[in-house]
Amino acid sequence: MKNAWWREIVELRDDVVGFDSSIVMHPNTWVASGHVAAFHDKLVDCRNCKHRFRADHLASLEKCPDCGMTGTLTEPRDFNLMMKTQVGPLEDTASTTYLRPETAQGIFVNFKNIYQSARKRPPFGIAQIGKSFRNEITPGNFTFRVREFEQAELEYFVPDDGNDMACYETWVAARKKWYSDYGVRADRLRFYELKPEERPHYARAGTDVEYLFPWGWGELESIAHRGTYDLDAHMKLSGKDLTYFDEATKSKYTPILIESSAGMDRTTLTVLIDAYDSETIVDDAGKESKRTVLRFHPKIAPVQVGIFPLARNKAELVERARALELELRPHFRTTYDEGNVGQLYRRQDEIGTPFCIMVDYDSFDDHKVTVRDRDSMRQERVAFDALAGYLRERL
Ligand code: ATP
């Protein structure tokens with residue numbers, strides 16, 4: 001998913017540059033961004049069972065959902081989500097800093113370095129994929145909420161020339177297309193436009209991308225028009241100039257920011273859930289069995305082609321199949337395996353491999369192999385020299 005995002009957002013565009021900032025930054029970064037003052041969850045403790053809850057996850061502030069007692073819950077209290085750490089040799093408050101809770105701030109503080117060295121002028125974007133850390137008190141639902149996760153963030157800087165809302169809309173449409181291109185089911189995906197009262201005061205527009213997980217709707221990404229809020233905040237606290245100097249007009253201005261902030265762990269979970277299928281199949285003898293299959297979009301299948309010999313104890317078959325796998329490896333994500341034919345296919349179905357290739361005795365005479373399609377389970381004979389083209393077309 002990270003490769004798919006990077007390819008689309010950075011490599012296939014000429015107006016976005018890739019970047020990788022530090023995880024541990026100057027502590028004032030998080031003062032300027034507002035995280036020290038306001039990056040809180042409201043927590044409630046039960047005085048009876050000692051369990052702790054997020055206030056916004058409770059149905060009522062009266063009754064403990066775990067022990068069922070009433071009147072035992074404390075008032076909601078602030079709990080900062082940033083993970084603390086120390087820099088330097090002294091363990092005093094002056095050396096306290098944080099692991100980044102988002103990657104975006106690294107982009108803002110480096111904005112000037114980047115536009116100058118990459119020779120970019122707005123509209124242009126800076127993109128980054130990296131680990132972020134949050135001291136979540138209720139991690140769970142697989143990789144939906146974890147304490148270290150990977151974000152893919154795009155900060156797109158635009159001049160204040162009246163085209164900012166159109167640019168925001170273009171990015172919302174581009175992100176829609178991205179999810180659909182990688183096979184996320186449209187009926188489980190929604191783009192929820194935030195109402196003015198649901199947005200931070202500085203944001204002029206915002207859209208949450210949400211997916212219908214087995215436990216309900218959950219956020220995958222947020223897209224926002226953030227005005228000049230972030231660059232202004234850093235300039236104010238650091239006293240450093242982060243405006244853009246336009247050589248053409250010899251004037252300075254603070255660019256407007258359009259942000260797309262996606263979680264790669266959640267997106268991966270989404271494609272796994274969408275891909276998962278379990279079906280009953282009937283063989284030629286009329287016997288029923290269960291088949292578990294991950295129907296990944298071929299572009300994101302971790303293994304795209306499995307190559308096997310019909311028999312593991314026949315040296316010439318093994319040799320030919322291994323050689324074929326080596327031949328295809330630079331072009332596709334391949335794997336080699338050997339064993340019982342039925343089991344080989346089932347194993348690849350379970351990891352979502354779109355195509356399996358079997359090298360058999362006939363291969364030496366007709367110079368063809370059997371190619372099996374994961375979804376239809378249909379098999380086809382394909383010539384060795386047509387194989388790469390055949391697979392490329394379908395993957
Ligand atoms: P939530 O409300 O679910 O805690 P958030 O609104 O705080 O999420 P953002 O700060 O907007 O999340 O972060 C952008 C993206 O980063 C989210 O849409 C999500 O995909 C991902 N993300 C945030 N927190 C986590 C986490 N604890 N585990 C996994 N992914 C996360």
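Let's start at the ligand: one of its oxygen atoms lies 2.9 Å from a backbone N or O atom of L220. That's a polar contact, meaning a pair of N or O atoms within 3.5 Å. Here it is alongside two others:

| Residue | Atom on the protein side | Distance to a ligand oxygen atom |
|---|---|---|
| L220 | backbone N or O | 2.9 Å |
| G263 | polar backbone atom | 3.1 Å |
| R266 | side-chain N or O | 3.1 Å |

Taken alone, the ligand exposes 600 Å², and the protein buries 82% of that (areas by the Shrake-Rupley method with a 1.4 Å probe). There are 15 residues around the ligand, and R134, E136, R145, V146 and E219 come nearest (a residue counts as near if one of its heavy atoms lies within 4 Å).

A word on the model: it's predicted, so local features need pLDDT of at least 70 and side-chain atom pairs 80 or more, while totals for chains, interfaces and linings use all residues. Numbering runs from 1 along each chain, and side-chain values use heavy atoms, without hydrogens or water.

Now for the inside. The largest nonpolar core has 39 residues, and W5, I9, L154, Y156, W178 and Y179 have the most contacts inside it. Such a core is a set of buried Ala, Val, Leu, Ile, Met, Phe, Trp, Tyr and Cys residues joined through side-chain atoms within 4.5 Å, where buried means under 20% relative accessible area with a 1.4 Å probe, protein chains only. Helix α6 (164-181) is among the elements supplying at least two residues, and α6 gives the most, with six. Helices here are DSSP runs (H or I) of at least four residues.

A second, separate core of 21 residues includes V305, I307, L317 and I357.

How values were computed: Buried < 20%, exposed > 50% of the residue type's maximum accessible area, 1.4 Å probe, protein only. Polar contact = N/O pair within 3.5 Å; in protein donor to acceptor, adjacent residues only side chain to side chain.
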